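Colleague: I'd like a close look at one part of this model. Could you walk me through it slowly?

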Amino acid sequence: MKIVREALAGTMESSDLMVKIAPVEGELEVIVHSEVIKQFGDQIRKVVNDTLRAMAVHQGLIIIEDKGALDCVIRARLQSAVLRASEGTEIDWGKLL
């Protein structure tokens, strides 16, 4: 998927996260800020990277502001933000489960 505009998804409430996406030229850059980065940073990055790979996102700036969200919430918020930031792309929903 090609990121063509800025998009947001999520909140800054406890057990949630805010995903900010912006188009950029060059490689994909993912920045993760989390209150639980020391305990769960590797798992958060794994979920984010797996979701982006499944959605074929290869360019853009992704900023994650985590407040202790579960994996399913991370996936859902990231998918929502990517869909809002992309344009006219067919989704293979089976790959996203």
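Colleague: Which residue in strand 4 is the bridge partner of Ile-21?

Modeller: That's Ile-62. Before we go on, this is a predicted model, where local features need pLDDT of at least 70 and side-chain atom pairs count only at pLDDT 80 or more, while totals for chains, interfaces and linings use all residues. Residues are numbered from 1 along each chain as its sequence is written, and side-chain values use heavy atoms, with hydrogens and water left out.

Strand 4 covers residues 60–66 (strands are DSSP runs of E, at least two residues, numbered from the N terminus). Strand 2, residues 17–22, pairs with strand 4 in the antiparallel sense over 6 bridges (pairing takes at least two DSSP bridges between the strands). Strand 3, residues 28–34, pairs with strand 4 too, but in the parallel sense, over 7 bridges. There, Ile-31 has Ile-63 as its bridge partner in strand 4.

Now look at the side chains. In a regular strand they alternate between the two faces of the sheet. Along strand 4, Gly-60, Ile-62, Ile-64 and Asp-66 point to one face and are buried (under 20% relative accessible area, with exposed being over 50% and partly exposed in between, using a 1.4 Å probe and protein chains only).

Lys-67 is partly exposed at 23%, whereas Glu-35 is exposed at 57%.

Technical notes. Helices (H or I, at least four residues) and strands (E, at least two) are DSSP runs, numbered from the N terminus.
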